[in-house]
Amino acid sequence: MNAVVEGVISGMNEIIRNYAQEYQYQVVDLFDSGIEEHTQSDGLHPDQDGQDMIRELIEYELDLDAFQSEETNEEIKKELEEAAARKAEEAEQKRQQEQRKKLMYRMEGVGVVILLLVGGIAVVKRMKRKRQVVSGTGEHPEEEKEFQ
């Protein structure tokens with residue numbers, strides 16, 4: 001590696017160590033692990049063997065049992081089930097809302113059709129009355145003035 005890259009990595013490692021100490025994180029140092037022999041063509045990111053090596057180092061260095069207690073597993077399982085139930089309820093509410101919206105659109109469409117039919121009937125009746133008045137067969141000649 002060139003000096004610039006090593007300097008950047010060294011600085012980043014120092015920052016990581018400081019944060020780990022401040023927040024009580026556990027760090028697995030990969031510097032002397034031989035990981036550089038298991039990188040992708042970019043020379044930085046680990047290939048599958050490198051990823052497996054990192055996993056093994058983490059399993060060796062970290063106390064993973066702290067994360068695997070039966071109580072913790074049950075709490076996590078319960079939280080996941082509750083989250084899934086909430087998501088399912090939200091999805092059902094959204095589905096019902098969409099159905100109500102579609103029904104409203106259909107009802108509005110039916111309402112428009114009914115209004116058009118009633119309006120058409122009213123126009124036809126009006127025209128019929130006008131013809132009767134004009135032809136002299138109308139019973140209410142005063143209605144002629146109303147329609148004009």
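1. The model is predicted, so local features need pLDDT of at least 70 and side-chain atom pairs count only at pLDDT 80 or more, while totals for chains, interfaces and linings use all residues. Residues are numbered from 1 along each chain as its sequence is written, and side-chain values use heavy atoms, with hydrogens and water left out.

2. A pair of aromatic rings is described by the distance of the centres and the angle of the planes. Here, rings of Phe, Tyr and Trp (its six-membered ring) pair if their centres lie within 6.5 Å; planes under 30 degrees apart count as stacked, over 60 as edge-to-face and the rest as tilted. The count by this rule is two aromatic pairs. Tyr-19 and Tyr-23 are stacked, because their ring centres are 6.0 Å apart and their planes are at 10 degrees. One aromatic cluster is formed by Tyr-19, Tyr-23 and Tyr-25.

3. Where do Tyr-19 and Tyr-23 lie? Both are in helix α1 (residues 3-23), four residues apart, which is about one turn of the helix. Helices (H or I, at least four residues) and strands (E, at least two) are DSSP runs, numbered from the N terminus. Tyr-19 has a relative accessible area of 45% and is partly exposed; Tyr-23, at 43%, also counts as partly exposed. The terms are set as follows: buried is under 20% relative accessible area, exposed is over 50%, and partly exposed is in between (1.4 Å probe, protein chains only).

4. The largest pocket has a volume of about 830 Å³. It is lined by 23 residues, and those closest to its centre are Ile-9, Asn-13, Leu-30, Phe-31 and Ile-35. On a 1 Å grid over the protein atoms alone, a pocket is an open set of points with protein on both sides within 12 Å along at least five of seven lines, and lining residues have an atom within 4 Å of a point; a cavity is a set where a 1.4 Å probe fits but cannot get out. Grid points are joined across faces, edges and corners, and the volume is the space filled by probe spheres set on the points.

5. Which elements give two or more residues to the lining of the largest pocket? They are α1 and α2 (48-61). Helix α1 gives the most, with seven residues. By class, the lining has 15 nonpolar, four polar and four charged residues. Ala, Val, Leu, Ile, Met, Phe, Trp, Tyr, Cys and Pro count as nonpolar, Asp, Glu, Lys and Arg as charged, and the others, Gly among them, as polar.

6. A salt bridge is a side-chain nitrogen of Lys or Arg within 4 Å of a carboxyl oxygen of Asp or Glu. The count by this rule is four salt bridges. One of them joins Glu-92 and Arg-95, with the closest N and O atoms 2.5 Å apart. Both residues lie in helix α3 (residues 70-135), three residues apart, about one turn of the helix. Salt bridges with shared partners join Arg-55, Glu-56 and Glu-59 into one network.

7. Arg-55 and Glu-59 both lie in helix α2, four residues apart.
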